[in-house]
Amino acid sequence: MATEQGVGGRIEAVVARFFGGPLPDSEGLPRYVAPLPTWLENVGLRLAWPVALVNLVGTLFGFWYYAGRPLNLAPPLVEGQLGAAPLLAYPVIPDSPAATMFIGLSLVAWKRGWNAEWIHTLAFFGCIKLGLWTPFVQLVINGPGGIAAWLYWFLVLSHLAMALEAFLIHRYASFSVPAVAVAVGWYGFNDVVDYFVSVLGGPHHTILRAEVVAGGLDHTLPAHDLAAGWAVVLTILATFLALATRIEKLKLQRATA
């Protein structure tokens with residue numbers, strides 16, 4: 001452990017030479033809500049500007065993935081999922097790009113000193129939910145078939161990195177109850193329209209490669225239920241972690257008052 005802390009401390013010291021400035025205090029929260037070592041949190045926060053930039057660039061890539069990447073299905077789906085869906089459905093389709101946008105904006109808001117609690121909480125939910133949903137779907141449901149190897153592993157690893165980013169946010173956010181309500185409402189609504197009710201018509205249901213059958217989509221396959229179930233579980237998990245983090249912060253504040 002001492003060796004690991006020493007290595008982490010040296011990495012943080014190197015990063016601090018180029019990305020200095022004050023950091024939010026490490027509150028010593030329990031590991032179940034703050035699993036990253038403090039030095040890694042510090043490194044992530046010191047790199048807030050480049051990390052935000054990477055996420056916002058990733059948002060642009062994600063929109064290309066949803067809009068420009070052909071779905072290889074029968075018409076009218078060949079133009080990409082965004083192009084095949086009604087305009088009003090656009091906000092609920094690119095879930096991962098929205099999550100990277102939220103974390104990018106969250107880090108920018110923190111660095112600029114803006115009061116953006118709802119953005120911080122949406123970012124936390126998005127990084128937990130999409131950061132853990134996509135690797136599960138790719139590794140367990142879809143598999144590597146039908147997609148380039150580089151893109152397959154990029155999707156898996158980049159989304160796991162999103163899940164790690166989520167655990168930076170507690171250092172500068174309070175996860176207020178109204179903000180958690182906004183996040184639960186947004187991601188709960190997404191679960192409904194992604195898997196259960198196609199409220200606007202068109203392919204805004206989540207499209208899985210495992211559902212492609214004879215050039216079309218079959219949402220009755222077990223793959224759909226597995227993806228839906230995991231999405232709902234992750235919405236519940238993000239809600240629990242956000243509220244548990246708030247409770248642990250309040251307990252520490254009362255203990256030191």
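How many salt bridges does the structure hold? In this predicted model, the structure holds four salt bridges. Among them are Arg171 with Glu41, Lys129 with Asp191, and Glu248 with Lys251.

- Arg171 and Glu41 meet through their side chains in a salt bridge, at 2.7 Å from N to O. This pair links distant parts of the chain, with Arg171 in the loop between helix 7 and helix 8 and Glu41 in helix 2, 130 residues apart. Both Arg171 and Glu41 are buried.
- Lys129 forms a salt bridge with Asp191, and their closest N and O atoms lie 2.8 Å apart. Here too distant parts of the chain are linked: Lys129 belongs to helix 6 (residues 117-142) and Asp191 to helix 8, at a separation of 62 residues. Lys129 and Asp191 are both buried.

- Glu248 and Lys251 form a salt bridge in which the closest N and O atoms are 3.6 Å apart. Because the two residues are three places apart in helix 9, about one helical turn separates Glu248 from Lys251.
- Glu248 is buried, with a relative accessible area of 11%, whereas Lys251 counts as partly exposed at 47% relative accessibility.

- Glu165 is found in helix 7 (residues 149-166).
- The side chain of Glu165 does make a polar contact with the side chain of Asn55, at 2.7 Å.
- Leaving aside neighbours within four places in sequence, Glu165 is in contact with Val51, Asn55, Ile103 and Cys127.
- Val51 lies in helix 3 (residues 48-67) and counts as buried at 18% relative accessibility. Not counting residues up to four places away in sequence, Val51 touches Gly44, Leu107 and Glu165. Val51 and Ile103 are 52 residues apart in sequence, and their C-alpha atoms are 9.1 Å apart in space.

**Asn42 in helix 2**

- Asn42 is found in helix 2 (residues 38-46) and is buried, with a relative accessible area of 10%.
- A polar contact joins the side chains of Asn42 and Glu12, at 3.0 Å. Apart from neighbours within four places in sequence, Asn42 is in contact with Glu12, Leu23 and Arg171.

**Backbone of Phe175**

- Phe175 is found in the loop between helix 7 and helix 8 and is buried, with a relative accessible area of 0%.
- Phe175 has a positive phi of about 55 degrees although it is not a glycine. Most residues other than glycine have a negative phi.

- Helix 8 (177-196) and helix 9 (222-256) are the elements that give two or more residues to the patch, and helix 8 gives the most, with three residues.
- Ile236 is exposed, because its relative accessible area is 55% and the cut-off for exposure is over 50%.

Notes: Residues numbered from 1 in each chain as written. Predicted model: local features only at pLDDT ≥ 70, side-chain atom pairs only at ≥ 80, totals over all residues. Heavy atoms only, no water. Helix = DSSP H or I, 4+ residues; strand = E, 2+ residues; numbered from the N terminus. Buried < 20%, exposed > 50% of the residue type's maximum accessible area, 1.4 Å probe, protein only. Polar contact = N/O pair within 3.5 Å; in protein donor to acceptor, adjacent residues only side chain to side chain. Contact = heavy atoms within 4.5 Å.
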